[in-house]
Amino acid sequence: MATAPYNYSYIFKYIIIGDMGVGKSCLLHQFTEKKFMADCPHTIGVEFGTRIIEVSGQKIKLQIWDTAGQERFRAVTRSYYRGAAGALMVYDITRRSTYNHLSSWLTDARNLTNPNTVIILIGNKADLDAQRDVTYEEAKQFAEENGLLFLEASAKTGENVEDAFLEAAKKIYQNIQDGSLDLNAAESGVQHKPSAPQGGRLTSEPQPQREGCGC
Amino acid sequence: MDQSVAIQETLMQGEYCVIAVQGVLCEGDSRQSRLLGLVRHRLEHGGQEHALFLYTHRRMAITGDDVTLDQIVPVSRDFTLEEVSSDGELYILGSDVTIQLDTVELSLTFQLPFGSHTRMFLQEVARACPGFDPATPDPEFQWLSGYQCLQREPDSRTLHGWNLARDTWPGYTTIGGGGSNFDNSRSNGKSLLGDQSSGGQDKAENSLTRQNKSKSEITDLVRSSTITVSDKAHILSMQKFGLRDTIVKSHLVQKEDDYTYIQNFRFFVGTYNVNGQSPKECLRPWLSHGIQAPDVYCVGFQELDLSKEAFFFHDTPKEEEWFKAVSESLHPDAKYAKVKLIRMVGIMLLLYVKQEHAAYISEVETETVGTGIMGRMGNKGGVAIRFQLHNTSICIVNSHLAAHTEEYERRNQDYKDICSRMQFCQVDPSLPALTISKHDVILWLGDLNYRIEDLDVEKVKKLVEEKDFQTLYAYDQLKIQVAAKTVFDGYTEGELTFQPTYKYDTGSDDWDTSEKCRAPAWCDRILWKGKNIIQLSYQSHMALKTSDHKPVSSEFDIGVKVINDELYRKTLEEIVRSLDKMENANIPSVSLSKREFCFQNVKYMQLQVDSFTIHNGQVPCQFEFINKPDEQSFCKQWLSANPSKGFLLPDSNAKIELELFVNKTTATKLNSGEDKIEDILVLHLDRGKDYFLSVTGNYLPSCFGSPIHTLCYMRQPIVDLPLETISELTLMPMQTEDDGSQLESPMEIPKELWMMVDYLYRNAIQQEDLFQQPGLRSEFEHIRDCLDTGMIDNLSASNHSVAEALLLFLESLPEPVICYRAYHSCLECTGNYTASKQVISTLPTFHKNVFNYLMAFLQELLKNSTKNHLDGNILASIFGSLLLRNPAGHEKLEMTDKKKAQEFIHQFLCNTL
């Protein structure tokens, strides 16, 4: 165990946005703690969570900012969008109004983040299919029209929660790999650890020191 | 071999080679050996600088003559030395460490030998890096100008190193004289060498104390880096590289059982005192007598070479001879890889593994401990190899203890010395050195030299002949000493079912026939300690006749902890996850006693206070109110929070007071509705959450802060008007007074002004010190309420309070009585009364009315100056600054302007209006 394979080489900043009560904090809690928080109080402010994930063999630390959804805090929460590498835009599939407000959230997200910020649309409360008020197809179409990733998830059952965070990370990582996301840009939302291997500098063949001893 | 000694000889006084390592410089396809020395220079004014000296060298560098300075790389702020792990490749345990050296000027790649020494080297270099503390000055490296590097061919890769970089160092221009410096240092080196021949012992001790010192330094490092559980999460969140690894590693060790299973490995352990002989016969009867090919061979020799040369120069051709002999006699059914060979004078230990196991051998370290002459020399003592096979740590010790029957206590002491002085460096230099006892499995072999006591030679020989080893064993010193717990405590030895292995006439199986006629003894032994070890055989090999000893062998099945990759990954994931959780749990978090603050019926200049308590959780935290985007302060002007920042220990409280106070600056916009008692404060925790606090409330508009013309249009008390009307009237432009479009005709002056002036005219015309004594705050609030509700009849207050209220009223006017735009013309025509009157006549009607009304009132006051002691100058100075206000603000008011304003008012007090 001579090298340090456990450390992360990137930090991605995420924000979670969307109407009050759509389950933003519960998604975060489910993702970081693998637990459903039944009586989650309204977030009045901004909360944090971190978790280290792995994408294409790279350890990535997600730093997730969960914002208050109440309209009256909107002006303040906007200031947290800056420098986000990923945005999770959440609505509640059982409340149409939360879906209707998406365009306003999207406008904020587009205006306040950089063009490379990956936005993923999440229809939360997928476990409550009986009370569904927004069809999958409709949201899917909205996502496609606006170039968003899309998933329906349930913070309660955990369904797709992991994927939601991972899909966004994969897309961000892909943007880094193909060069469309400039890590040096001040607001890329990605920090790269300089001490991590850059890769490809040396073609180091495994060279065991021991010489074989033919007998 | 510590090659820093050789480097040290090339250095000037005051410079010290901290540590050296031999590595391979990789440039393209070329591979050249370099000696890398980390050199420290102490600065006169304190502090130190470091540089990496790269030397070419011949053979194993022993003295300064063996090395030639090639390049110097100063350890500057931009210096980095990092381990490069091959991306995507599986890390092969035990392979060379590739490191990348970068500075602004150059980039070099080295391969360093795997092991703890390299670790220590990298650690030392990391410690030498100056860091980025702006408080410390940039290193200057003046001292480097005294060194001259190897001249490179002109066409060589001049991009590298000193040749380019030196231009940037001050002092380089004097390097012409540097050559002689260099020579000096060389001659120093030579004289050192001269000393050495006469005092070699000194030198050995020096290097010894250095070694000891570096070890104690390591221990200090360990102490200082002790991490307590509660600190851990903080450290995690600090994103400091490496610390997380340390924690993960220690968790992995704790949970080892979760992801390892036991697999047996066949170990062959052999020991042979060869009495200085060269191999003359095939060793297979000893090494390959079993049917099954062992997985691991541990083969130890003693008295490999008894010559003086071996003793003094540590060099012997026998090493190669015996190594070859052993290698050729290993079990034919398997291919073996040599892991390590370690030798101290005549004591040699060889470790081989089957080739397929090579990849699972790691952390191979060797050490030697001499206990011979002076208790230090290598003619007696022990050598050891420690390594990790899969996940089990194993230590093999080969020792040759003191001779002679009566010296058993000396042997016990040798054993103890070996145990205490045998210290292996760890891969992670921050960990304390490993001792023999810290291993899962210990195999101890050697010529332990314990004899058979209290029996005469003939008796011994007779018992051997009868194969009554049990009786004989009762007289074995080792057995007796182990039973007395004076040596090899906790070790096990198999039953001795073979005859003593010492001492024979060389080339025969006959007991010693020499003059000394030594009694037979079981000198050559194999012991073990640890779990999951089963001895399969323990025997001597009479067939070998090269030496006066017979070789001994033992085979073991040893249960080794093997990693289940899948379970390992799972455990690792769990640990990383638990660290994530811990990190999340240690994000500072507080609870607030209140997050919504409602201030009801806020009045002009009436303080309202509310408070809340921050209760901290278990993580110490720093809190602070932070600005919202595009705002200059964290809250509106009429609000303040005290304290606005602070530090909280776990489980402690802080009380924050929110104070709301509307003054002239903020009143007008609250009257007009442009501003509301509404705000959101962001309480930020350092490294943690943000909390939003909502402030709401309502403001009761007041005549204070309302414009003159607005008040003139308010025929009713301001509290009786709908808020929309107030807002509308407040926002009404000033110059609309004469257009006649208003529904209600305005009053000539604000009724509130009239109320105050009238009150003073009736009650205070003879009041001494009017406008000079302060009023009472409580009375002001009463006066304000009377004015705003129109209940003038209820007004009962001291004259001074009403007088002050009048001044506050004038001060609170958003547009002064003499409008801002007229300010400069007023000052210009000061001294010219006609012109001054002309300026006044240009004011908006309501302002003009107010001005004339006030002047008339002041003139009335002056008529009573005998009683009230007022004079024109006093009144002019008081009212001058209220009626005539500099549009640029009070701060910019110069004395001359102030005087002019005073004179301007004074004209109206002493002339007829």
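Reader: What makes the set that includes B:Phe771, B:Leu810, B:Phe851 and B:Phe904 the largest nonpolar core?

Author: A nonpolar core is a set of buried Ala, Val, Leu, Ile, Met, Phe, Trp, Tyr and Cys residues joined through side-chain atoms within 4.5 Å, where buried means under 20% relative accessible area, exposed over 50% and partly exposed in between, with a 1.4 Å probe and protein chains only. The largest such set has 107 residues, and the four you name have the most contacts inside it. Its largest share, nine residues, comes from helix α25 (residues 845–863) of chain B.

This is a predicted model, in which local features need pLDDT of at least 70 and side-chain atom pairs count only at pLDDT 80 or more, while totals for chains, interfaces and linings use all residues. Residues are numbered from 1 along each chain as its sequence is written, chains are lettered from A and ligands numbered from 1 in the order in which they are written, and side-chain values use heavy atoms, with hydrogens and water left out.

Reader: How do you know that this core lies between domain 3 and domain 4 of chain B?

Author: Domain bounds come from an automatic or database domain assignment. Since both domain 3 (590–699) and domain 4 (744–910) of chain B give residues to the core, it is placed between them.

Reader: Which residues does B:Leu810 touch?

Author: Contact means heavy atoms within 4.5 Å. Leaving aside residues up to four places away in sequence, B:Leu810 touches B:Val817, B:Leu854, B:Phe879, B:Leu882, B:Leu883 and B:Arg885. Apart from this core lies another, of 47 residues, among them B:Ile396, B:Trp528, B:Phe556 and B:Val560.

Reader: Why is strand β9 of chain B called mostly covered?

Author: Strands (E, at least two residues) and helices (H or I, at least four) are DSSP runs, numbered from the N terminus. Strand β9 covers residues 296–302, and seven of its seven residues are buried. In a regular strand the side chains alternate between the two faces of the sheet. Here B:Val296, B:Cys298, B:Gly300 and B:Gln302 are buried on one side, as are B:Tyr297, B:Val299 and B:Phe301 on the other.

Reader: What makes β9(B) and strand β11 of chain B a pair?

Author: Two strands pair if DSSP finds at least two bridges between them. β9(B) and strand β11 (residues 347–354) of chain B have six bridges, in the antiparallel sense, with B:Val353 in β11(B) as the bridge partner of B:Val296. Strand β8 (residues 260–273) of chain B is joined to β9(B) by seven bridges and runs parallel to it; there B:Tyr272 has B:Phe301 as its bridge partner.

Reader: Why are β12 and β18 of chain B called edge strands?

Author: They belong to an open sheet of six strands in the order β12-β13-β14-β17-β19-β18 (chain B), with mixed pairing. Each of β12 (361–370) and β18 (492–493) pairs on one side only. Within the sheet, strands β14 (residues 392–400) and β17 (residues 441–447) of chain B pair in the parallel sense over seven bridges, and B:Ser399 stands opposite B:Gly446 in β17(B).

Reader: How do you know that the span of helix α6 of chain A agrees with its 17 residues?

Author: The expected span of a helix is 1.5 Å times one less than its number of residues. For α6 (residues 161–177) of chain A this should give 24 Å, and the end C-alpha atoms are 25 Å apart, which agrees. Buried residues in α6(A) include A:Phe165, A:Leu166 and A:Ile172; just after this helix, A:Gly179 takes a positive phi of about 85°.
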